[in-house]
Amino acid sequence: MIRLPEFPWDSLAEVKKRAADHPDGIVDLSVGTPVDATPDVVQRALAAHADAPGYPTTAGLPELSRAIRDWLSRRTGVDASVGVLPTIGSKEMVAWLPSGLGLGAQDTVVIPAIGYPTYEIGAIVAGAQVVATDDVESVSNPSLVWLNTPSNPTGAVLDVDRLAAIVQWAQGRGIPVVSDECYFELGWQAQPVSILDPRVHGGDLRGLLAVHSLSKRSSMAGYRFGFVAGDPALIDGLLAVRKHLGMMVPTPVQHAAIAAYDDDSEVAVQRERYLGRRDVLAAALRAAGFRIDNSEAGLYLWVTHDGELGDAWDSTRWFADKGILVAPGTFYGDDAHVRIALTATNERVAAAAARLNP
């Protein structure tokens, strides 16, 4: 049995009950689960290919590879030589990648200083050591470096110069660098940059991978679709292992993903929804005395009250008393902030804003 830390969200049960006791009901801004309808074009594609009696391939349909490469070309400028591999959502890839790369007790995985807990969990499952730092170049001889841009939870964005510096350092030492870019379409004050952007790597994809997802950009969290792209040699190695493990994306979901990546118009609509909710929440939080740090991109506001409400858990309880459930920054390695998601209906977001400034 693999011994893992307590699942962070389980510890929110008591606070969630506290928020649910509000007379007007809970406003759940904690997890970041999409609430808007999956685009019609995606639903139609899924239904049209529901008759799928045979096994899918681990590599995915040729049409899917084409759609992903076309989208990557439009969004990052990377050419058709990039390797692509569909995954069963992006969290699966984050959690499984160190094992898939064959890392073990002799290896060190570098993860963001403040970041998504699953980076650490993936290293633990592989038996590897973990170093949490943003100064990746200071770590001696790591076997894998995780980046996350835009960041979950902070919303910070790594620019071209910083990404290029990390890539140059890592490629000079043969260290794989994997960039989790699941919030790539949601840039607000800063435009996210992919590690696959030629401005970052100068045409040399050696050791570079990017992880993407349809969960947030297309309200497809229930479909469990993502992909990893980059260095063709790394992609081929991962494909070989995943074949043995039966890690295949269902055929109807692959067709739904093709429809999503071929239609940029739906993403623009969803962006406007999130932007509207972001504006409402940000204004209400600032009026209530909170400070929003980073949050230049992504699906969350990274919020603190300069210590006046105590630590992250104290702030989480303060919000719960107003019927608002947020995530303590403690989950991500920060005891001073809370993470507030934009994933609630317009009505619930308006209710949260009203409760913050009655």
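Modeller: Happy to! Let me begin with a term: two residues are in contact when heavy atoms of theirs lie within 4.5 Å of each other. Please also keep in mind that this is a predicted model.

With that in hand, let's look at Ser194, which is found in the loop between strand S6 (177-180) and helix H7 (198-201). Its relative accessible area is 1%, and the cut-off for buried is under 20%, so Ser194 counts as buried. If you set aside neighbours within four places in sequence, the residues in contact with Ser194 are Thr76, Leu163, Glu181, Phe184, Val200 and Ala210. Val211 is 17 residues from Ser194 in sequence, and their C-alpha atoms are 9.8 Å apart in space.

Another loop residue to look at is His337, in the loop between S12 and S13. His337 is buried as well, at 9% relative accessible area. Not counting residues up to four places away in sequence, His337 touches Arg291, Asp293, Trp302, Val303, Thr304, Ala312, Pro328 and Gly329. Thr154 is 183 residues from His337 along the chain, yet the C-alpha atoms of the two are separated by 9.2 Å.

One of those contacts, Trp302, leads us to the aromatic residues. Trp302 forms one aromatic cluster with Trp9, Trp313, Phe331 and Tyr332. In total, the structure holds 15 aromatic pairs. Trp9 and Phe331 make an edge-to-face pair, with 5.0 Å from centre to centre and 80° between the planes. Because Trp9 belongs to the segment before H1 and Phe331 to the loop between strand S12 (327-328) and strand S13 (338-341), this pair ties together parts that are 322 residues apart in sequence. Phe331 also pairs with Tyr332: the ring centres are 6.3 Å apart and the planes stand at 55°, so this pair is tilted.

The axes of helix H1 (residues 13-20) and helix H11 (residues 312-321) come within 7 Å and cross at roughly 25°. Angles under 35 degrees count as roughly parallel, and H1 and H11 are therefore roughly parallel to each other.

Buried residues of H12 are Arg348, Val349, Ala351, Ala352, Ala353, Arg355 and Leu356.

Finally, two arginines sit over aromatic rings. Arg339 lies over the face of Tyr300, 3.7 Å from the ring centre. The charged end of Arg242 is over the ring of Trp96, at 5.4 Å from its centre.

Definitions and conventions: Residues numbered from 1 in each chain as written. Predicted model: local features only at pLDDT ≥ 70, side-chain atom pairs only at ≥ 80, totals over all residues. Heavy atoms only, no water. Axes fitted to C-alpha atoms, helices over the stretch in contact; angles between N-to-C directions. Helix = DSSP H or I, 4+ residues; strand = E, 2+ residues; numbered from the N terminus. Parallel < 35°, antiparallel > 145°, perpendicular 65-115°, else oblique. Phe/Tyr/Trp six-rings, centres within 6.5 Å; stacked < 30°, edge-to-face > 60°. Lys NZ or Arg CZ within 6 Å of the ring centre and 35° of its normal. Buried < 20%, exposed > 50% of the residue type's maximum accessible area, 1.4 Å probe, protein only.
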